[in-house]
Amino acid sequence: MINVKAQVATNTTAIEEENNCYVKWAHKFETRGADDVADGTYSDIIISVRNGSTAECYVGKCDVKDGRIIAMYIRLEDGKYELFKRKPRYEFPITITNGMSKTVITTEDDLINVLFTKKLKPKKAEFQKAPDPDQE
């Protein structure tokens, strides 16, 4: 009986991981690619905060200088922005590759990524499937 419960817990965790907002966005970026992110302020980003198999994605904005994120803000429900400040475990520049920031690990073990969703390349047209012979 214990093995069955362990298997159910493992399957539940796998389903949660497959369905979290970060995994869905990351898959889009990997599949479609993204345009380069130039220096400036972007108010159309997503800030992903992950811990274990869970993820929360927030609307935000950030400042980019020399290809690095120098500040992040989360949009509040009233439309204002609040500085998103988490203490990183390691100090390194937050660079951007393929429309996504390098993962920042916080002292609370959160994993933070910035996603530049407006930089996603358009979805490519898929191959048209032939009709099924049984349908003709």
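Biologist: To start, is Trp25 buried, partly exposed or exposed?
Modeller: Trp25 counts as partly exposed because its relative accessibility is 24%, where buried means under 20% relative accessible area, exposed means over 50% and partly exposed lies in between, with a 1.4 Å probe and protein chains only. This is a predicted model, in which local features need pLDDT of at least 70 and side-chain atom pairs count only at pLDDT 80 or more, while totals for chains, interfaces and linings use all residues. Residues are numbered from 1 along each chain as its sequence is written, and side-chain values use heavy atoms, leaving out hydrogens and water.
Biologist: And how many aromatic pairs are there?
Modeller: The structure holds 2 aromatic pairs. In one of them the ring centres of Trp25 and Phe29 are 6.5 Å apart with the planes at 45°, so this pair is tilted; rings of Phe, Tyr and Trp (its six-membered ring) pair if their centres lie within 6.5 Å, and planes under 30 degrees apart count as stacked, over 60 as edge-to-face and the rest as tilted.
Biologist: What about Phe29, buried or exposed?
Modeller: Phe29 counts as buried, because its relative accessibility is 0%.
Biologist: Which residues form the edge-to-face pair?
Modeller: Tyr42 and Phe116 form that pair, at 5.3 Å centre to centre and with 85° between the planes, and both Tyr42 and Phe116 are buried.
Biologist: New topic: which ring does the charged end of Arg50 sit over?
Modeller: The charged end of Arg50 sits over the ring of Tyr22, 3.7 Å from its centre, the rule being that NZ of Lys or CZ of Arg is within 6 Å of the ring centre and within 35 degrees of the ring normal.
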